[in-house]
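Subject: Structure handover

Hello,

Please find the structure below, followed by notes on what was found in it.

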Amino acid sequence: MHYRTLGRTQLHVSEVGFGAWGIGGSMWQGSDDDESLNSLHRAADLGVNVIDTALAYGRGHSERLVGKFLKDRKERFVIATKIPPRNGEWPAKGTIREAFPYNYIIECTEQSLKNLNVDVLDVQQLHVWDDSWTDDSEWYDALCELRDDGKIRFFGVSINDHQSSNALRVGSAGKVDTFQVIYNIFDRSPEDDLFILCQKQNIGVIARVPFDEGSLTGSITPETTFPEKDWRNEYFRGDRKREVFDRVEKLKALLGDEAKSLPELSLRFCLNHRAVSTVIPGMRTVKHVEENCSVSDGKQLSEHLIAELCHHQWQRNFYD
């Protein structure tokens with residue numbers, strides 16, 4: 001496993017981190033707690049030292065599983081979690097006081113500390129964001145108080161859906177240490193402005209959704225079905241499975257010596273950009289952990305392949 005620095009935090013994080021949304025259950029059907037714990041342990045054995053979870057994942061279930069895992073390990077891990085919007089609006093809507101009032105930020109952080117069974121969070125994040133909130137002091141004062149009290153070390157923003165430009169103001173204001181943002185072969189929009197800003201301001205980047213919720217693994221076909229309560233029924237509704245299948249099939253022509261599988265190509269693409277500190281694929285099985293971690297070997301994609309991948313950008317938002 002190779003490591004990078006998470007921006008100005010100076011935290012050394014594994015290039016491949018553990019995305020813990022799926023192990024929370026609820027929206028991702030079919031997860032198994034024992035397999036999830038085995039996956040966390042295998043990831044740690046392979047050098048993964050950053051785990052990204054959230055209070056909203058399974059209503060705290062993901063955090064509690066991570067806390068159970070941490071209790072059995074002696075290593076030092078970088079733990080990042082998120083505060084859900086109080087008004088339940090995804091993506092962000094309303095005022096900052098409706099979404100993240102001062103006392104609510106404090107209370108959620110205290111609950112996450114309890115769930116994770118830790119004394120301090122390495123990175124606390126607001127789970128949605130509206131850049132018009134930048135100049136409101138309430139959210140910032142609450143997070144600064146938590147930092148000053150030693151309950152969090154750093155804080156950042158998880159940017160809504162495909163809205164990478166919706167954090168440029170807060171980044172330019174120097175108020176956050178990290179951004180979590182969607183970045184993958186289909187959605188390269190963070191390269192336009194956000195990554196340039198992050199490199200200038202030394203803001204750490206946590207790249208999420210490297211597989212486009214599964215489509216870039218090549219496992220989604222027009223015939224794919226999901227369990228009844230799995231949220232991907234909405235994400236891939238209508239003709240969307242056919243749309244992603246057709247586009248992913250074209251990507252297969254780029255596989256070869258540089259990347260032998262679509263998941264490998266997807267992760268190598270994310271890590272190829274130097275603004276990215278860590279990429280956090282969801283890993284609910286040991287098999288997926290081993291496959292994903294093997295990508296962190298220091299190899300860069302060729303300029304030719306990166307240029308070819310430019311032709312596969314796809315501007316669309318399936319979260320709508």
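Helices (H or I, at least four residues) and strands (E, at least two) are DSSP runs, numbered from the N terminus. This is a predicted model, in which local features need pLDDT of at least 70 and side-chain atom pairs count only at pLDDT 80 or more, while totals for chains, interfaces and linings use all residues. Residues are numbered from 1 along each chain as its sequence is written, and side-chain values use heavy atoms, with hydrogens and water left out.

Two loop residues around H2

Asp 72 sits in the loop between H2 and E5. Its relative accessibility is 53%, so Asp 72 counts as exposed; the cut-offs are under 20% relative accessible area for buried, over 50% for exposed, and partly exposed in between (1.4 Å probe, protein chains only). Asp 72 and Arg 208 are 136 residues apart along the chain, and their C-alpha atoms are separated by 27 Å.

Thr 53 belongs to the loop between strand E4 (50-52) and helix H2 (61-71). Thr 53 counts as buried because its relative accessibility is 0%. Contact here means heavy atoms within 4.5 Å. Leaving aside neighbours within four places in sequence, the contacts of Thr 53 are Ala 20, Ser 62, Glu 63, Ala 80, Thr 81, Lys 82 and Leu 116.

H2 against H4

Two packed helices are described by the angle between their axes and the distance between the axes. H2 and helix H4 (residues 102-116) pack at about 45 degrees, and their axes are 7 Å apart. H2 is therefore oblique to H4. The axes are lines fitted to C-alpha atoms, for helices over the stretch in contact, and angles run from 0 to 180 degrees between N-to-C directions. Under 35 degrees counts as roughly parallel, over 145 as roughly antiparallel, 65 to 115 as roughly perpendicular and the rest as oblique.

From H2, the residues in this contact are Glu 63, Arg 64, Val 66, Gly 67 and Leu 70; from H4, they are Ser 112, Asn 115 and Leu 116. The residues of the contact divide into 3 nonpolar, 3 polar and 2 charged. Ala, Val, Leu, Ile, Met, Phe, Trp, Tyr, Cys and Pro count as nonpolar, Asp, Glu, Lys and Arg as charged, and the others, Gly among them, as polar.

H4 and what follows it

H4 has 15 residues and spans 22 Å from its first C-alpha to its last, close to the expected 21 Å at 1.5 Å a residue. That expected span is 1.5 Å times one less than the number of residues. Buried residues of H4 include Tyr 104, Ile 105, Ile 106, Cys 108 and Thr 109. The buried residues of H4 pack against H2, strand E5 (78-83), helix H3 (96-99), strand E6 (121-126), helix H5 (137-148) and strand E7 (152-158).

Asn 117 is not a glycine, yet has a positive phi of about 60 degrees. With 57% relative accessibility, Asn 117 counts as exposed.

Nonpolar cores

A nonpolar core is a set of buried Ala, Val, Leu, Ile, Met, Phe, Trp, Tyr and Cys residues joined through side-chain atoms within 4.5 Å. The largest one has 87 residues, and those with the most contacts inside it are Phe 18, Ile 51, Phe 100, Ile 105, Trp 139, Phe 179 and Leu 309. Apart from it lies another core of 10 residues, including Leu 6, Val 50, Val 123 and Ile 206.

Val 128 lies in the loop between E6 and H5, and at 2% relative accessibility Val 128 counts as buried. Not counting residues up to four places away in sequence, Val 128 touches Trp 90 and Pro 91, among others. The peptide bond from Trp 90 to Pro 91 is cis, with omega near 0 degrees. Pro 91 is in the loop between E5 and H3. Most residues other than glycine have a negative phi, and most peptide bonds are trans.

Asp 212 is buried, with a relative accessible area of 0%. Val 244, in helix H9 (residues 240-251), is buried at 1%. Asp 212 is one of the residues that Val 244 touches.

Regards
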